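Please open the model in your viewer and keep the selection tool at hand.

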Amino acid sequence: MRYTFTELGQGLRRNLSMHLAVVLTLFVSLTLVGLGALLKMQATKAADYWGSELQITVWLCKDRDANASCLGEVTEAQKAAISKVIEDNPEVAGYHFETKDEAFEKLKETYVGKFDGPNSIITADDMPQSVWIELKDPEKFEGIKSAVSGLDGVSDIRDERDTLGPIYSAINRLQWGSLGTSLFLVFAAILLVANTIRLTAFARRREIGIMRLVGASTVYIALPFLLEALVTAAVGVLLAIGALVAFENYVVQGQLASQFVFIPWVDWSQVQVAVLLVAVLGPALTLVPTVVLTGKYLKV
Amino acid sequence: MIRFEKVSKTYPGQGHAALENVSIDVEKGEFVFLVGASGSGKSTALRLVLREARPTAGRVYVAGKEINRLAGWKVPRLRRQIGTVFQDFRLLPNKTVNENVAFALQVIGKSRSEVTRVVPETLELVGLEGKGDRMPDELSGGEQQRVAIARAFVNRPMILIADEPTGNLDPATSVGIMKLLDRINRTGTTVVMATHDHGVVDQMRKRVVELSAGQVVRDQAQGGYGFSH
């Protein structure tokens, strides 16, 4: 064991520049993977709240509605008529009603602490009821729009495609951009790991030759290599986690969340998922090539 | 202790066989010279014993076990029973004599107390007492080969394989090395030595197996190197 750790220390010092290169590429690629995952979760989270591109929202009349054609709160009979029209439409994949309470809960989630308690300026009663309609094809929405818009009890129809479309496609592009870039970097990291192993195996060829000859086990011979890989992976992963935490803390919480309150931003529980992904991916990226290549270079 | 049964070995991409239908039987405690010109198959035979290579046909037994069927993870255990010495010593230049010998024990997981006990004993056996703290490049060729023998023998293997151990040494030094190998042989260790050093073979009068173009052309108890060389 003592030999293994001296060897580990020597190995890390001998190829310091190589190890640094591995650490840095791992750091950047894992950060990008983590950011990609965060963006994906951001897109899901926004879609849960705002509805996806496939959704249109039909606001129903409430008391004192801004729309003059509304004659007070929507009635159950009107709602039944609306749902009949929606059900009969072939473009609809599914729909659900949102009550006043649900709408108010959503509002409270977005503006935490602002509308709590009995003296809130807005209450559930001020919220409109709505119907959330899932479309089969986001391009074919005109039919349902015109079918619903004239009905009694309908105040307004929000077509998400215009507002959300650009946002979603931007998130989508960023997400694939970061994942695609990280793919190249991951490839570079694997090549660097492979090169490091080759160099180390060459530098230690006398020792390795003697170890094999006197009957050291393959695991024993490969152990310093595996530990080196683990150490570089650990450093890379820690840096990437640091970057993700900093991103959440300074960029998301510090900037975006306070400036764009109408969007629910990824929070620490999503960061945890990204961190977990990075923590698993990092060691796997260095250990798998190490195991494969030590098997090749250190064959008994 | 070592048995070759109709062993043939052809390296990939080579037309002729390195060994062809070779049968040799080495008893426990024997001392055997493997002689022959370069390329006659001596080194291949030794590689087969260590399972650094596998025969193309035939079987190799070491200590009663057919080693070509041995699972890869059992190979280290086989090699712990075999000590190996080379023409070029193969010492680690950045380690002292003590460390070089201890290395062979450390890497197979022997305890530190055993290492500190056995290493000086073995150095004394090979005639290097008091030189444990020297570096290999401070030693003569003969002394370096003694360190290599100490390393090969420190784990008390059943078999000692020597591939041209006197190849880099002058005749007087070679005699010393041969005496040492003879002493090790007398402890019950089977010794197989590949060589083309006439003087050494003629002087020792041990069993001689001569290979030529991969075939056994002579197997003679108490032989000399031969006439043709």
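Which residues does Ile149(B) touch, not counting residues up to four places away in sequence? Select Ile149(B) and you will find that it touches Val85(B), Val126(B), Ile177(B), Leu180(B), Leu181(B) and Ile184(B), where contact means heavy atoms within 4.5 Å.

Before going on, note that this is a predicted model, in which local features need pLDDT of at least 70 and side-chain atom pairs count only at pLDDT 80 or more, while totals for chains, interfaces and linings use all residues. Residues are numbered from 1 along each chain as its sequence is written, chains are lettered from A and ligands numbered from 1 in the order in which they are written, and side-chain values use heavy atoms, with hydrogens and water left out.

Next, select Met211(A), Phe33(B) and Val107(B), which are among the residues with the most contacts inside the largest nonpolar core, a set of 82 residues. Such a core joins buried Ala, Val, Leu, Ile, Met, Phe, Trp, Tyr and Cys residues through side-chain atoms within 4.5 Å, buried meaning under 20% relative accessible area with a 1.4 Å probe, protein chains only.

Now turn to the place where the chains meet, a contact that takes 15 residues from chain A and 21 residues from chain B. Select Glu52(B) and Arg212(A), which form a salt bridge whose closest N and O atoms are 3.6 Å apart; the rule asks for a side-chain nitrogen of Lys or Arg within 4 Å of a carboxyl oxygen of Asp or Glu. Across this interface the rule finds one salt bridge.

Finally, colour both chains: together they bury about 1,600 Å², 62% of it on carbon and sulfur atoms, buried area being the accessible area (1.4 Å probe) that two parts lose on being put together, summed over both.

Note on methods: Buried < 20%, exposed > 50% of the residue type's maximum accessible area, 1.4 Å probe, protein only.
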